[in-house]
Amino acid sequence: PRLSLYGGYGVETFGCEGCNDDDGYQSKGFEGGAKFILTPAPTGVLPWVRAGATFHDLEVESGAFRATSDRKVGFQASAGVDIPLGQVLSFSPALRYQAYTAEFDVISDNIVAERDVAFLALDFGVHIHPGG
């Protein structure tokens, strides 16, 4: 009961200095892995760690220039807590690190440009426990 699997689709949007309001970067794709609940606190708070794989691409927009990388495998790791809000619902803040290498086809499949993508995010979520 302390180990569970997770999966989903994530989208992170980043602005850039000197860009127009609609320009910037967007990392998006599938994510999945395992979550391990550490020793529960007497208050019912459940601390946890999570690690998994990502399958993301990077979309770049700057003026008329638009490019999307190929989807690449990366990793993510996070730590957080589930704070009970009753029998079924928990508030779940976490700190997450995610990294992968975006690969853009410049002229053809033989000439590519790579960009390391890594970021730290503060997540706020809810965890629904079906069946209480």
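Q: Which ring does the charged end of Arg50 sit over?
A: That would be the ring of Tyr6, with the charged end of Arg50 4.2 Å from its centre. Keep in mind that this is a predicted model.

Q: Got it. And Lys35, which residue's face does that one lie over?
A: Lys35 lies over the face of Trp48, 4.7 Å from the ring centre. Along the chain, Lys35 and Trp48 are 13 residues apart, and their C-alpha atoms are 6.9 Å apart in space.

Q: What else is Lys35 in contact with, leaving aside neighbours within four places in sequence?
A: Leaving those neighbours aside, Lys35 is in contact with Arg2, Leu3, Ser4, Tyr6, Trp48, Val49, Arg50, Asp82 and His127. Tyr6 and Arg50 on that list are the pair you began with, the charged end of Arg50 sitting over the ring of Tyr6.

Q: Nice. Switching to pockets: what's the volume of the largest one?
A: About 390 Å³ for the largest pocket.

Q: How many residues line the largest pocket, and which lie nearest its centre?
A: The lining has 16 residues, and Lys35, Trp48, Arg50, Ser92 and Val126 lie nearest the centre. So some of our charge-over-ring residues turn up here again: Lys35 is buried at 9% relative accessible area, and Lys35 lies over the face of Trp48.

Q: Which strands supply that lining?
A: E1, E2, E3, E6 and E7 each supply at least two residues of it. The largest share, five residues, comes from E7.

Q: OK, what about the largest nonpolar core, which residues are in it?
A: There are eight: Leu58, Val60, Tyr100, Ala102, Phe104, Val117, Phe119 and Ala121. Strand E3 (46–62), strand E6 (89–108) and strand E7 (111–128) are the elements that give two or more residues to this core.

Q: Take Leu58. What is it in contact with, leaving aside neighbours within four places in sequence?
A: Leu58 is in contact with Tyr25, Gln26, Ser27, Ala67, Thr68, Ser69, Tyr100, Ala102, Phe104 and Val117. Among them, Tyr100, Ala102, Phe104 and Val117 belong to that core too.

Q: How many aromatic pairs does the structure hold?
A: Four. One of them is Tyr9 with Phe30: the ring centres are 5.0 Å apart and the planes are at 80°, so the pair is edge-to-face.

Q: Which parts does the Tyr9 and Phe30 pair tie together?
A: Tyr9 lies in strand E1 (residues 3–14) and Phe30 in strand E2 (residues 24–37), so the pair ties together parts that are 21 residues apart in sequence. Tyr9 is partly exposed, with a relative accessible area of 45%, and Phe30 is partly exposed at 47%.

Q: And Phe91 with Phe124, what are the distance and angle there?
A: Their ring centres are 6.2 Å apart and the planes are at 10°, so the pair is stacked. Phe91 lies in strand E6 and Phe124 in strand E7, so parts that are 33 residues apart in sequence are tied together by the pair.

Q: Now Ala113 and Glu103: how far are their C-alpha atoms separated?
A: By 5.7 Å, and the two residues are ten apart along the chain. Ala113 lies in strand E7, while Glu103 is found in strand E6.

Q: Buried or exposed, for those two?
A: Ala113 is partly exposed, with a relative accessible area of 32%. Glu103 counts as buried at 18% relative accessibility.

Q: And what does Glu103 touch, not counting residues up to four places away in sequence?
A: Glu103 touches Ser69, Asp70, Lys72, Val112, Ala113 and Glu114.

Q: Last one: where is Gln98 found, and is Gln98 buried or exposed?
A: Gln98 is found in strand E6 and counts as buried, at 0% relative accessibility. Not counting residues up to four places away in sequence, Gln98 touches Glu12, Glu31, Thr54, His56, Phe75, Gln76, Val117, Ala118 and Phe119. Of these, Val117 and Phe119 are also in the largest nonpolar core.

Notes
Residues are numbered from 1 along each chain as its sequence is written. This is a predicted model: local features need pLDDT of at least 70, side-chain atom pairs count only at pLDDT 80 or more; totals for chains, interfaces and linings use all residues. Side-chain values use heavy atoms; hydrogens and water are left out. A nonpolar core is a set of buried Ala, Val, Leu, Ile, Met, Phe, Trp, Tyr and Cys residues joined through side-chain atoms within 4.5 Å. Buried means under 20% relative accessible area, exposed over 50%, partly exposed in between (1.4 Å probe, protein chains only). Helices (H or I, at least four residues) and strands (E, at least two) are DSSP runs, numbered from the N terminus. Contact means heavy atoms within 4.5 Å. Rings of Phe, Tyr and Trp (its six-membered ring) pair if their centres lie within 6.5 Å; planes under 30 degrees apart count as stacked, over 60 as edge-to-face and the rest as tilted. A charge sits over a ring if NZ of Lys or CZ of Arg is within 6 Å of the ring centre and within 35 degrees of the ring normal. On a 1 Å grid over the protein atoms alone, a cavity is a set of points where a 1.4 Å probe fits but cannot get out, and a pocket is an open set with protein on both sides within 12 Å along at least five of seven lines; lining residues have an atom within 4 Å of a point. Grid points are joined across faces, edges and corners, and a volume is the space filled by probe spheres set on the points.
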